[in-house]
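Subject: Structure handover

Hello,

Here is the structure I promised you. Please open it alongside this email, and my notes follow below.

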Amino acid sequence: MPPTTLFPGVAVVTGAGGVGIGAHVALAFATEGCSRIAITDLNADLLQQTKAKIQATAPQVEVLCESGDITNSQFVSTFMKRVVDKFNRIDYAVNCAGILGQDERSHEMDISSFDAVNNVNYRGCWMSSRAELQEMLKQEPLPGLTPSRPAQRGAIVNIASQLGIVSRPKAAAYCASKSAVIGMTRADAIDYSKDNIRINCVCPGVIRTAMTTGTDEVTERLAPAVRIAPMDRMGLPEEVADAVLFLCSPKASFVQGHAMVVDGGYIIN
Ligand SMILES: NC(=O)c1ccc[n+]([C@@H]2O[C@H](COP(=O)([O-])OP(=O)(O)OC[C@H]3O[C@@H](n4cnc5c(N)ncnc54)[C@H](O)[C@@H]3O)[C@@H](O)[C@H]2O)c1
């Protein structure tokens, strides 16, 4: 009998705390029938909130929830191993953890701020996908959507940004970290195609989350960016989650190394 969900496997989401993109991705997996979900975030309280929301929405879902710092390689590999110990495999991995950093031109930015942005957004994303790939390579693929489509050993979606494609003032480190995520996604997509692992990224525009609305200063800082998008509004994290789930699903069986923009038209304007 064919599975009743597009997501019969195991999902892992980093940066899944609170009300951001990662939390909505985790919730979307639950509502779309994924019954084994592992979530992690630096902030233990926000992570518990996401777990509670998943369990309130879909009580049958098994949730592995562990807080930690994805810039710590020991934590990343231990977490991924725990996921496999509990659920036996990793099928859909979404690397969402990220930070915005301060608005500064390069000559004003100190090296520790530069390193902080890159350690989370680029190096942390690479370490997460590296650990996910190490586990995916060991597992048998799941059947394709139809018998004519190839089986899928795993799908990774990295969260980049529209600022990995275009730039804005005073954000050199952030923009570069997100361009790096796009470049890494393409390179890994080439390397792991032969293993039937798909690796794509999503490039959100300005999305209504704690990152963009956490303080009045940030909201004000980003107001001009919202107006650049022809749709003239902030996107919703749910709208990004839908794109992420498509890329993870077997419906995206021939989508590889893509940087899918979900930005209300920001980069075309
Ligand atoms: N919101 C936007 O407008 C927007 C636009 C483009 C890209 N993005 C990207 O989307 C992703 C999610 O952002 P969001 O808007 O949901 O922000 P958010 O702040 O709501 O969520 C990011 C999460 O990452 C976690 N995190 C930060 N550093 C971490 C670390 N070292 N280890 C583990 N977890 C850590 C935070 O605790 C937080 O819960 C980020 O990569 C961000 O750069 C966001």
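Predicted model: local features only at pLDDT ≥ 70, side-chain atom pairs only at ≥ 80, totals over all residues.

Asn88 sits in the loop between helix 3 (73–87) and strand 4 (92–95). Asn88 has a positive phi of about 80 degrees, although it is not a glycine. Most residues other than glycine have a negative phi. Asn88 is exposed, because its relative accessible area of 61% is over 50%.

Asn196 is also worth a look. Its phi is positive too, at about 60 degrees, and it is not a glycine. Asn196 lies in the loop between helix 5 and strand 6. Is it buried, exposed or partly exposed? Its relative accessibility is 33%, so Asn196 counts as partly exposed.

Next, the helix pairs. Two packed helices are described by the angle between their axes and the distance between the axes.

Helix 4 and helix 5

Helix 4 covers residues 111–136 and helix 5 covers residues 172–192. Their axes come within 9 Å and cross at roughly 15 degrees. An angle under 35 degrees counts as roughly parallel, so helix 4 is roughly parallel to helix 5. The crossing is right-handed. Helix 4 brings Phe114, Val117, Asn118, Asn121, Tyr122, Cys125, Trp126, Ser129 and Leu133 to the contact. From helix 5 come Ala173, Tyr174, Ser177, Lys178, Ala180, Val181, Met184, Asp188 and Tyr192. By class, the residues of this contact are twelve nonpolar, four polar and two charged.

Helix 5 has 21 residues, so at 1.5 Å a residue it should span 30 Å. Its end C-alpha atoms are 30 Å apart, which agrees. Its buried residues include Cys175, Ile182, Thr185 and Ala189. Lys178 and Asp188 are also among the buried residues of helix 5. What covers the buried residues? The cover includes helix 4, strand 5 (154–159), strand 6 (197–204), helix 6 (210–213) and strand 7 (259–262).

Helix 1 and its two partners

Helix 1 (residues 21–31) and helix 8 (residues 237–248) have axes that come within 8 Å. They cross at roughly 55 degrees. That makes helix 1 oblique to helix 8. The crossing is right-handed. Ile21, His24, Val25, Ala28 and Phe29 of helix 1 make the contact with Pro237, Glu238, Val240, Ala241, Val244, Leu245 and Cys248 of helix 8. The residues divide into ten nonpolar, one polar and one charged.

Helix 1 also packs with helix 2 (residues 44–57), at an angle of about 20 degrees and with the axes 10 Å apart. Helix 1 and helix 2 are therefore roughly parallel. Helix 1 passes helix 2 in a right-handed crossing. Here Ala23, Ala26, Leu27, Ala30 and Thr31 of helix 1 meet Thr50, Lys53, Ile54 and Thr57 of helix 2. This contact has five nonpolar, three polar and one charged residues.

Cys203

Cys203 lies in strand 6. Cys203 is buried, with a relative accessible area of 0%. Which residues does it touch, leaving aside its neighbours within four places in sequence? Cys203 is in contact with Ala160, Ser161, Gln162, Ile165, Ile182, Ala259, Met260, Val261 and Val262. Of these, Ile182 is also listed among the buried residues of helix 5. Cys203 and Lys86 are 117 residues apart in sequence, and their C-alpha atoms are 31 Å apart in space.

Best wishes

Methods. Residues numbered from 1 in each chain as written. Heavy atoms only, no water. Axes fitted to C-alpha atoms, helices over the stretch in contact; angles between N-to-C directions. Helix = DSSP H or I, 4+ residues; strand = E, 2+ residues; numbered from the N terminus. Parallel < 35°, antiparallel > 145°, perpendicular 65-115°, else oblique. Left-handed = near helix turned anticlockwise from the far one by under 90°. Contact = heavy atoms within 4.5 Å. Nonpolar A, V, L, I, M, F, W, Y, C, P; charged D, E, K, R; others polar. Expected span 1.5 Å × (residues − 1). Buried < 20%, exposed > 50% of the residue type's maximum accessible area, 1.4 Å probe, protein only.
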